Amino acid sequence: MVRAGSASVAAGPTLAVVAREAGVSVPTASKVVNGREDVAPETRRRVTEALDRLGYVRRPRFDAAKASGLVDLVVHALDSSWSGAVLHGVEEAAYEAGLEVVVSAGPNRTRGDRPHRGWLDRLTARGSSGVLFDLAELSHAQYAWLEHHRIPFVMIDPVHEPPAGVVSVGAADWQGGVSATEHLLGLGHTRIAVIAGPRRRTCSTARVAGYRSALASAGVRRRAGYERYAGFDDRTARLRTHELLDLPEPPTAVFVCSDRMALGTYRALAERGLRVPHDVSVVGFDDLPEARWATPALTTVRRPLGEMAATALRLLVRMAHGERPEGTRTELSTRLVHRSSTAAPRPEPAPGR
């Protein structure tokens, strides 16, 4: 099983520490932890409060031979096409491995910086073979809880760079940013803007870095105001698009770092009476079903979400049987899918006209 590293994940409090905090003996604290009835109500209350305050958890050692045929998949939302693609990939790989999948939304509820005890208690009780986290933003304490329980886990496209030793699966976002920008350059665009997700997101910085690299390789200067940051949603992308259109020299093409955001860009362009791709070309990222349904169909960079999820499940199965992956980061390739939202830039009007 992969560890998160001593520098990143600290061990939790021992039962002796909890007993001292509650002012009871270790055997008494143990009775409370194990659900014994022969403890006075007031004593039970003090011990329970100390357990929650200190973040104590039982430390059952994971045993692959005794694990159930279950894996947990924790997704950021249940109502998105992204999560649907991830679930499909996990289900296919789980079927091949003879496993069932338990799906829940959100890593788990928290109290302050600590995970809510109930979620991990249920995970431990059902003897899950491990956990897959999709687009999770786990805190230091949450990593510590998982490590403390000694349960294998794999991150699918983590929001931030995970601690050293944590296994994750992602996509070649930098290369995707290069491909999107090179496609627009190849059509003759030089006024190319980018609308990225939040600056602190690992995938955002990688895609913008790819965009910058492609411009530099082509000898095209980066223009002031052409890099905008938004949430990964259509509303904020629409606002950033209007800001770009208000520039003295607006872009003729926009690389938008998610398909959902690209729909916001479509809306902003329509509100200005501009047509895609006649007036402005648009490239998205992800290749979700929305990209095919858009009008015109969206040229986008395909992230292999199903393959990423299936790869994560296979890694988790290996870890549950005591194998250690050769590396902690697995990165699958991206590719440009050319549809109808990009074209050569419209010719500039002749001077004086």
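This is a predicted model: local features need pLDDT of at least 70, side-chain atom pairs count only at pLDDT 80 or more; totals for chains, interfaces and linings use all residues.

**The largest pocket**
- Inside the largest pocket there is about 400 Å³ of space.
- In total, 19 residues line the largest pocket.
- If you want to find its centre, look for His76, Trp82, Leu135, Phe232 and Arg260, the lining residues that lie nearest to it.

- Leu135, one of the residues nearest the pocket centre, is found in the loop between β5 and α6.
- Its backbone is worth a look too: phi of Leu135 is near 50 degrees, which is a positive value in a residue other than glycine.

**Two packed helices**
- Two packed helices are described by the angle between their axes and the distance between the axes.
- For helix α1 (residues 15–22) and helix α2 (residues 26–33), the angle is about 105 degrees and the axes are 9 Å apart.
- Angles of 65 to 115 degrees count as roughly perpendicular, so α1 is roughly perpendicular to α2.
- On the α1 side, Leu15, Ala16 and Ala19 make the contact, and on the α2 side Val26, Ala29, Ser30 and Val33 do.
- Sorted by class, the residues in this contact of α1 with α2 are six nonpolar, one polar and no charged.

**Salt bridges**
- Searching the whole structure turns up 22 salt bridges.
- One of them pairs Arg200 with Glu137, whose closest N and O atoms are 2.6 Å apart.
- Arg200 sits in the loop between β8 (192–196) and α8, while Glu137 sits in the loop between β5 (131–134) and α6 (140–149), so this pair ties together parts that are 63 residues apart in sequence.

**Cis peptide bonds**
- Going from Val276 to Pro277, the peptide bond is cis, with omega near 0 degrees.
- You'll find Pro277 in the loop between α10 and β11 (281–286).
- Thr295 and Pro296 are also joined by a cis peptide bond, with omega about -5 degrees.
- Pro296 is in the loop between α11 (289–293) and β12 (299–302).

Key
Residues are numbered from 1 along each chain as its sequence is written. Side-chain values use heavy atoms; hydrogens and water are left out. Axes are lines fitted to C-alpha atoms, for helices over the stretch in contact, and angles run from 0 to 180 degrees between N-to-C directions. Helices (H or I, at least four residues) and strands (E, at least two) are DSSP runs, numbered from the N terminus. Angles under 35 degrees count as roughly parallel, over 145 as roughly antiparallel, 65 to 115 as roughly perpendicular and the rest as oblique. Contact means heavy atoms within 4.5 Å. Ala, Val, Leu, Ile, Met, Phe, Trp, Tyr, Cys and Pro count as nonpolar, Asp, Glu, Lys and Arg as charged, and the others, Gly among them, as polar. On a 1 Å grid over the protein atoms alone, a cavity is a set of points where a 1.4 Å probe fits but cannot get out, and a pocket is an open set with protein on both sides within 12 Å along at least five of seven lines; lining residues have an atom within 4 Å of a point. Grid points are joined across faces, edges and corners, and a volume is the space filled by probe spheres set on the points. A salt bridge is a side-chain nitrogen of Lys or Arg within 4 Å of a carboxyl oxygen of Asp or Glu.
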